[in-house]
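Hi everyone, thanks for coming. Please take a moment to look at the model on the screen, and then we'll walk through it together.

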Amino acid sequence: MANRQRGEVELVIGERTLTLCLTLGALAEIEALCPPGEALGAGRLLQIVEVLARGGGEVISLDELKAAPIDIGDAAAAVADCLDLGSAP
């Protein structure tokens with residue numbers, strides 16, 4: 001179960017629930033994945049989900065995410081929520 005006080009957010013993918021968390025390592029990886037001025041497509045969004053899941057202690061590969069029944073809107077909302085919680089004072 002995600003702990004919002006620690007900046008964790010849940011993302012349900014099929015029958016699996018991932019805990020996403022923005023750690024300093026995840027932030028560095030996301031910055032490397034998202035060069036300024038480039039659009040954020042579904043593929044890059046899934047890469048960010050993979051990074052944030054790893055920050056939350058989850059083990060899931062990008063290939064597993066691509067094959068999973070993901071609602072891209074739910075994934076985008078979870079990522080946005082995670083980033084928002086991670087920036088809170």
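Predicted model: local features only at pLDDT ≥ 70, side-chain atom pairs only at ≥ 80, totals over all residues.

Residues are numbered from 1 along each chain as its sequence is written, and side-chain values use heavy atoms, with hydrogens and water left out.

So, what is in the chain? It has 4 helices and 2 strands, and from the N terminus on they run β-β-α-α-α-α. Helices here are DSSP runs of H or I with at least four residues, strands are runs of E with at least two, and both are numbered from the N terminus. The radius of gyration is 12 Å, close to the 12 Å that the globule rule gives for 89 residues, so the chain is as compact as a globular protein of that length. That radius is taken over C-alpha atoms, and the rule is 2.2 Å times the number of residues to the power 0.38. Along its principal axes, the C-alpha trace spans about 35 × 30 × 20 Å.

Now the helix pair. The axes of α1 (residues 24–33) and α2 (residues 42–55) come within 9 Å and cross at roughly 165°. These axes are lines fitted to C-alpha atoms, for helices over the stretch in contact, with angles from 0 to 180 degrees between N-to-C directions. That makes α1 roughly antiparallel to α2, a label for angles over 145 degrees. In α1, Ala26, Glu29, Ile30 and Leu33 meet Arg44, Gln47, Ile48, Val51, Leu52 and Arg54 of α2; contact means heavy atoms within 4.5 Å.

Next, is Leu65 buried or exposed? This residue is found in helix α3 (residues 62–67), and at 1% relative accessibility Leu65 counts as buried. Buried means under 20% relative accessible area and exposed over 50%, with partly exposed in between, using a 1.4 Å probe and protein chains only. Leaving out residues up to four places away in sequence, Leu65 touches Ile13, Leu18, Leu46, Val49, Glu50, Ile60 and Ile70.

With 86% relative accessibility, Glu15 counts as exposed. Its C-alpha atom is separated by 9.3 Å from that of Pro69, 54 residues apart along the chain.

Notes. Parallel < 35°, antiparallel > 145°, perpendicular 65-115°, else oblique.
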